[in-house]
Amino acid sequence: MPEKIDFSDQISSNKWKSFFLIAIIFAVFVLFGYVVSMTFAPELFFMIMIFAIIISLFYVWLGFYNSGKIAIASVGAKEASRQHHKEYYNLIEGLTIASGLPMPKLYVMNSPQINAFASGRNPENAVVCVTTGALEKLDKRELEGVLAHELSHVANYDIRYMTVATVMVGMIAIASEIFLRSLWFGGGGDKENKNMIFIVIGIVLAILAPIVVQLVQLAISRKREYAADASGVKFTRYPHGLIGALKKIKNENQPEKKISKVVAPLFFSNPFKNLGSTHPPIEERIKILEKM
Amino acid sequence: MDLTWIIIGIVALVVIIFFYYYNRFSVLSNRIDGSLSQIDVQLKRRADLIPNLVESVKGYVKHEKSVITEVTNARKALMGAKGIEGKVKADGILESALGRLFAIAEAYPDLKANTTFIELQKELSTTEDRVAYARQHYNDSILEYNTLCTTLLGKFFAGIYGRVKKEYLKIAESEKKNVKVEF
């Protein structure tokens with residue numbers, strides 16, 4: 001590992017980053033309101049601003065308190081039953097003992113890919129989701145390695161930051177799309193230059209906002225995965241489980257088609273082979289684990 | 001006027017630091033107690049499974065009573081063991097007795113095919129994993145607590161609040177050879 005990671009530092013940094021991200025997103029939303037009101041109806045400025053602030057507060061609140069549910073719903077996962085997924089429950093229960101974490105809610109999503117993710121705003125409200133492919137193809141120790149990695153995301157508060165980021169990126173993406181569309185459909189015929197400037201700013205914002213947030217997310221995501229690999233091994237004391245799982249993923253995974261690109265950074269391994277770099281290369285992860 | 005505010009600020013800071021360390025010590029020591037009782041819970045569950053196992057094995061393994069008695073005795077020892085060190089040690093003895101029993105079971109295809117036996121075997125290995133996990137968490141918690149006790153400021157406050165370093169849970173000699181740690 002290139003640098004030493006202190007986990008309590010990481011937890012507080014994740015909490016701060018989540019807070020700042022939410023604040024930035026709130027500001028971006030309010031700014032949208034400002035641009036919209038200046039573009040279309042300067043006379044209704046105060047009305048629109050109040051409206052924008054209420055809406056952005058509501059969105060941020062909704063995104064924060066339901067982040068886990070939104071992530072689960074967006075991939076179409078179902079709650080895992082204790083009877084059918086006994087091993088899954090057993091392994092998670094063992095790992096919660098090893099890590100001292102509360103029991104998360106368990107979900108299964110239908111996909112032949114070997115993959116998993118964790119989400120939620122804090123360990124008390126965490127959810128863990130694995131694919132049916134992971135349950136079928138991985139043996140007990142490999143699955144345990146993957147689950148330990150996910151629980152590390154829970155313990156390090158990565159889930160808060162990553163879920164807030166993805167859920168809110170999703171919302172910004174939608175909001176900016178709506179703005180762009182409304183410009184094309186309703187925005188013609190304005191004569192004043194001032195309005196033109198706001199339209200340009202609006203377009204630039206609409207294009208830049210999701211990219212900026214995504215970039216912030218990409219920059220930190222890799223380090224997070226290495227850290228989660230390491231603390232996952234701290235829980236299981238058995239790096240070979242995780243190594244085995246990564247090797248199987250390397251050899252078997254086909255690109256996923258069903259899930260939205262927005263939630264990609266949440267997953268254990270990148271669901272889309274050639275999309276950006278939300279995850280460190282698998283070879284590199286294996287190499288580091290083999291040194292442990 | 002300004003000086004008063006500076007003094008108030010410093011006093012407030014000192015009070016906050018005092019509170020912080022008090023809470024930190026109590027959080028960490030509660031965590032140690034919690035993980036200790038978790039070890040107990042898992043050992044108890046393990047002991048509770050043994051009578052059923054013995055019951056399911058009895059009918060098949062007629063000529064090798066000694067192993068069964070060994071397991072039963074090891075369970076009794078575990079139930080009666082005092083203190084966490086003693087309990088963990090007794091669990092180690094039970095574990096090796098169970099190992100011998102399962103090795104013998106390999107020679108009895110009927111027993112190996114018995115669903116109750118298979119279930120119990122799985123359940124026992126799950127609880128063994130959990131005992132290991134609980135002990136690991138206990139030691140991790142102690143590590144964190146002891147680090148606080150020995151680093152700067154923490155050491156000072158440990159003296160004030162009367163907190164002393166705690167002992168790690170040691171692994172019994174007999175167990176050392178088959179731990180799964182591979183660092």
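A residue counts as buried if 20 or more other C-beta atoms lie within 10 Å of its own, as exposed if 12 or fewer do, and as partly exposed in between. By that rule A:Met38, with 18 C-beta neighbours inside 10 Å, is partly exposed. A:Met38 belongs to helix α1 (residues 7–40) of chain A. Its C-alpha atom is separated by 9.7 Å from that of A:Ile48, which lies 10 residues away along the chain. The model described here is a predicted one.

**Chain A overall**

Chain A contains 10 helices and 4 strands. In sequence order these elements follow the pattern α-α-α-β-α-β-β-β-α-α-α-α-α-α. Of its 292 residues, 44% count as buried. Among the contacts in chain A between residues at least 6 apart in sequence, 72% join residues at least 24 apart.

**Strand β4 of chain A**

Strand β4 covers residues 127–131 of chain A, and 5 of its 5 residues are buried, so the strand is largely enclosed by the rest of the structure. A:Val127, A:Cys129 and A:Thr131 point one way from β4(A), while A:Val128 and A:Val130 point the other way. Residues on both of these sides are buried.

Two strands pair with β4(A), and they are set out below with a bridge partner from each pairing.

| Strand of chain A | Sense of pairing with β4(A) | Bridges | Residues opposite each other |
|---|---|---|---|
| β3 (residues 116–119) | antiparallel | 4 bridges | A:Ser119 and A:Val127 |

The two residues of β4(A) named in the table, A:Val130 and A:Val127, point opposite ways from the strand.

**Positive phi in two loops of chain A**

A:Tyr157 has a positive phi of about 65°, although it is not a glycine. This tyrosine lies in the loop between α6 (140–155) and α7 (158–186) of chain A. A:Tyr157 has 21 other C-beta atoms within 10 Å and is therefore buried.

A:Arg237 likewise is not a glycine and has a positive phi, of about 55°. Its loop is the one between α8 (193–236) and α9 (239–252) of chain A. A:Arg237 has 18 C-beta neighbours inside 10 Å, so it counts as partly exposed.

**Contact between chains A and B**

The contact between the chains takes 10 residues from chain A and 14 residues from chain B. On the side of chain B that touches chain A, the elements giving two or more residues are α1 (2–58) and α5 (115–150) of chain B. Helix α5(B) gives the most to that side, with 7 residues. By type, the residues on the side of chain B that touches chain A divide into 4 nonpolar, 5 polar and 5 charged.

**Helix α3 of chain B**

Helix α3 of chain B spans residues 83–105 and has 23 residues. From its first C-alpha to its last, α3(B) reaches 32 Å, close to the 33 Å expected at 1.5 Å a residue. The buried residues in α3(B) include a run from B:Lys87 through B:Val88, B:Lys89, B:Ala90, B:Asp91, B:Gly92 and B:Ile93 to B:Leu94. B:Ala97 and B:Leu98 of α3(B) are buried as well. These buried residues pack against α1, α2 (65–80) and α5 of chain B. Of these packing partners, α1 and α5 of chain B also give residues to the side of chain B that touches chain A.

Key
Residues numbered from 1 in each chain as written. Chains lettered and ligands numbered in written order. Predicted model: local features only at pLDDT ≥ 70, side-chain atom pairs only at ≥ 80, totals over all residues. Pairing = 2+ DSSP bridges. Contact = placed C-beta atoms within 7 Å. Nonpolar A, V, L, I, M, F, W, Y, C, P; charged D, E, K, R; others polar. Expected span 1.5 Å × (residues − 1).
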